[in-house]
Each structure stands twice: as C-alpha cells, then as structure tokens.
There are 2 protein chains.
Amino acid sequence: MGEMKKGTLTKEMIVQKAAPIFNSRGYFGASMSDVMEATGLEKGGIYNHFASKDELALAAFDHIMTVNGTRVRNAVEAQELAADRLYAFLDAFGDLVTNPSVPGGCPLMNCAVDSDDAHPVLRRKVRAAMKRLLSYVEGMIQVGVDSGEFSTGIDPASAAVFIVASIEGGMMLSKLYEEPMRMRAVTKNLKVYVSNLNG
Amino acid sequence: MGEMKKGTLTKEMIVQKAAPIFNSRGYFGASMSDVMEATGLEKGGIYNHFASKDELALAAFDHIMTVNGTRVRNAVEAQELAADRLYAFLDAFGDLVTNPSVPGGCPLMNCAVDSDDAHPVLRRKVRAAMKRLLSYVEGMIQVGVDSGEFSTGIDPASAAVFIVASIEGGMMLSKLYEEPMRMRAVTKNLKVYVSNLNG
C-alpha cells in the first residue's frame, strides 16, 4: 500500500471517528483530546491531516451530511410519484432518528444552533446545506404540481419550508427526550399534509 | 433604598444583560468577560449574586422563558375558542421571531442542542420547560376535543408534538437565514392544520 493511499485512509478514519464526537458534544465544544482518544493518534498525527480543529469539525460535518444524504436520496429515488417520493423522504428521516449512521442528532440543527453568531464559516456551510435540503423538497413538490399530481394552488417553496422545519423540530424533540416516538408524531402528521397536496 | 432591595435590583440587572449574551453565544460558549462588559461589573460583583457561570446561565434561561411565556399566554388567554387560542399561540410565536424580547433565537432550541449530552442540569431544565410547552398545546387541543369543537379522532398529544416541532424548526430556519418569512411559511401552514382539526 503506497504512502499516499495510507494517508488518505488515515484521514478518512480520523473523520469517521471524530464525526460522532463533534456531532454529540458540539462542533466547537468538542475537544481534540476526545478525538485523540477515539483515533488512538497523537495531536501531531491529526494535525498532519487537518490544519486546525475547525477544519476537522467542518470535515466531520460534511461526512455526516454525505452519509445521511445518500440514505435519504436512495430512499426517495426508489419511488416514482411525487407523493410517494415525499413519503419515502419522511420515512428516511424517521429512520435516521431510530437508526442513526452517526449519533448526536441532526448535524444541520446542531450546527445551525452552534454556529448562530460566533462561527461565520460553519454558518455559511450550514446555510448552503440547508438550502440544498429545502431546494430538494421544493423540487419534489414542484414536479408534482407540474405533472398535475398536486394542486396548482400549492406554493412549493412555502410547503418545503414547512416540511423541513417540522422534520428538524421533530429530530430535536426526539433527541431531547431520547424518544424516537416524537419523530413519528411529526412524520405521521406530515404524511397527512402530503396526502392533502392534491387539493 | 435598602441594601437588600438594591442587591435584588443588581441581580435582576445582571440576568437581563446576560440573557441575550448566553442566548446568542451559547449557554456554555458565552464568557464571563462578555457579561462583565455588558453589566459594567467586575467578576467579583457578579459572583456576589451567582455562585458560578452555570448558575447565571440557568437564571438567564429562566428569565427568557418567563418573558416569552408571558407574551404567549397573554395572547392565548385573550381568546375563547380552542381554534382561536391556537391561532393566537401561532401568531405569538411568529411575533417572537419578528420582534424578540431577547435576541439569539429560541432559548429552548438553543439549550436543547447546547445541552445535548454534555450538561445534564440544563438538559433536565430544558426537558421540563419543553414538556410544559407541549402540555400547554395538548391542553388547548384537548379542550377543543372535549367541547366538540375538534374531531374526536384527533390525538391531542401527537398534534401537540407536531405543532411544537414545526414551530421550533421554523424558529431555527428563521434564525439561520435571518429571514422571519421562513417562520411565516410555518405558521401559515399550521393554521391550515388547525383549521382541519374539526374533522
């Protein structure tokens, strides 16, 4: 195995071990000694791959977004109709709560709150990621409106904000009480909402 | 003015000045030097009234919850019918976003995420406060079901989780983008949801 390949693998390992730490303890609250313990590396071994703790925090965020995003997209793309795609989307988020790839709750929510006023780089990243999520949902609804499956009276942008806000709040409540049932109350009610989009 | 009265006023002033700092920068990310600057007091003058930074953080949380809670309850209690009370509740939260008493977003959401795994005392406090909010909404819906205003098929607990989750997510999105319009998309859709509770 070449040195370069080995370096890439070490870098990936660090991100994978660091992701649950940053996501659980806060992207700026987590300490490098936690990451050192989880990876079994010295501080120098980590800084070999990441210029700073912030750079590692951002890589951890990207990692979780990629893993979760793949799960959601795979579920959605297995469906044809706009309503079925939205149901699959809601079920995928419910599944992220009961069976998370990375513990610690929703990285978008965690970072949106963590990065409120103090961390402009993370905030820009979270805004961009949230915008992609909102656009993804809006696009699914727009396709349903265009195909005649949903009522033309639907405002896809407004409906997308409502769906994403409800999901994020549901993930927060589930995490706060460590009760995935809270998320089910949200996805169940949102499915009724989706079933009414046909007017 | 007696010494005791003066001490109480100073303590209240510290909490009022500290609340926006803790709510914006994080209940455990904010620094005492920020509080010293905002209050114009030396560290000793603050620790005279609060045993620790954590005790002040908890008092700041309580302060914002009391101020916001009063605004919401006053709006709700001006209405008679269950649906009108819920509309007033939603408008009051919309108003908290556009015209906040204390900047920095929703203290419940901020603390729920801040206190995730690392701060058990704050977490218990947030769980209790969120439970009061959920019970308040559930109670309004239950009254509507009992009076025949809402359908008997409604599950008040599940509906309350959905409404609170959506509101909290809407406040998070509004804060993330600094766009109160995001919250309006949520309250508008929730009003349609409430209007359908009569079955």
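Predicted model: local features only at pLDDT ≥ 70, side-chain atom pairs only at ≥ 80, totals over all residues.
The interface was examined at the level of chains. Chain B contributes 38 residues to the contact, and chain A contributes 38 residues. About 3400 Å² is buried between chain B and chain A. Carbon and sulfur atoms give 61% of that area. Polar links were also counted. Between chain B and chain A there are 15 residue pairs in polar contact, both residues being at pLDDT 80 or more. On chain B, the elements that give two or more residues to the side touching chain A are helices H1 (3-25), H6 (107-114), H7 (120-146), H8 (156-177) and H9 (181-195). H8(B) gives the most, with 15 residues. By residue class, the side of chain B that touches chain A divides into 19 nonpolar, nine polar and ten charged residues.

Salt bridges were considered next. The whole structure holds 14 salt bridges over all chains. Four salt bridges are found between chain B and chain A. One salt bridge joins the side chains of Glu178(B) and Arg127(A), with an N to O distance of 3.6 Å. Glu178(B) also belongs to a network of salt bridges that links Arg123(A), Arg127(A) and Glu178(B). Side chains of opposite charge can pair when their charged atoms come close.

Other salt bridges lie within a chain. In chain A, Glu179(A) pairs with Arg182(A), and the closest N and O atoms are 2.9 Å apart. Glu179(A) is partly exposed, at 34% relative accessible area. Arg182(A) counts as buried, because its relative accessibility of 18% is under the 20% cut-off. In chain B, Arg25(B) forms a salt bridge with Asp34(B), the closest N and O atoms being 3.0 Å apart. Arg25(B) is partly exposed, with a relative accessible area of 46%. A further salt bridge joins the side chains of Asp91(B) and Lys191(B), at 2.7 Å from N to O. This pair links distant parts of the chain, 100 residues apart. Asp91(B) sits in helix H5 (residues 82-98) of chain B, and Lys191(B) sits in helix H9 of chain B. Asp91(B) is partly exposed at 41% relative accessibility. Lys191(B) is partly exposed as well, at 27%.

Helix H9 of chain B was then examined along its length. H9(B) has 15 residues. From its first C-alpha to its last, H9(B) reaches 21 Å, close to the 21 Å expected at 1.5 Å a residue. Its buried residues are Arg182(B), Met183(B), Ala185(B), Val186(B), Thr187(B), Asn189(B), Leu190(B), Tyr193(B) and Val194(B). An α-helix has 3.6 residues a turn, so residues three or four places apart point the same way.

Thr39(B) lies in helix H2 (residues 32-39) of chain B. Thr39(B) is buried, at 12% relative accessibility. A polar atom of the Thr39(B) side chain lies 2.7 Å from the backbone oxygen of Val35(B). Beyond four places in sequence, Thr39(B) touches Met13(B), Ile14(B), Lys17(B) and Ile46(B).

Val76(A) is found in helix H4 (residues 53-77) of chain A. Val76(A) is buried, with 0% relative accessibility. Leaving aside neighbours within four places in sequence, Val76(A) is in contact with Arg85(A), Ala88(A), Phe89(A), Tyr136(A) and Met140(A). The C-alpha atoms of Val76(A) and Ala92(A) are 8.2 Å apart, and the two residues are 16 residues apart in sequence.

Pro180(A) is in the loop between H8 and H9 of chain A. Pro180(A) is partly exposed, with a relative accessible area of 32%. Residues up to four places away in sequence aside, Pro180(A) touches Val97(A), Thr98(A) and Ser174(A). A separation of 26 Å lies between the C-alpha atoms of Pro180(A) and Phe28(A), which are 152 residues apart along the chain.

Notes: Residues numbered from 1 in each chain as written. Chains lettered and ligands numbered in written order. Heavy atoms only, no water. Contact = heavy atoms within 4.5 Å. Buried area = accessible area lost by both parts, 1.4 Å probe. Polar contact = N/O pair within 3.5 Å; in protein donor to acceptor, adjacent residues only side chain to side chain. Helix = DSSP H or I, 4+ residues; strand = E, 2+ residues; numbered from the N terminus. Nonpolar A, V, L, I, M, F, W, Y, C, P; charged D, E, K, R; others polar. Buried < 20%, exposed > 50% of the residue type's maximum accessible area, 1.4 Å probe, protein only. Expected span 1.5 Å × (residues − 1).
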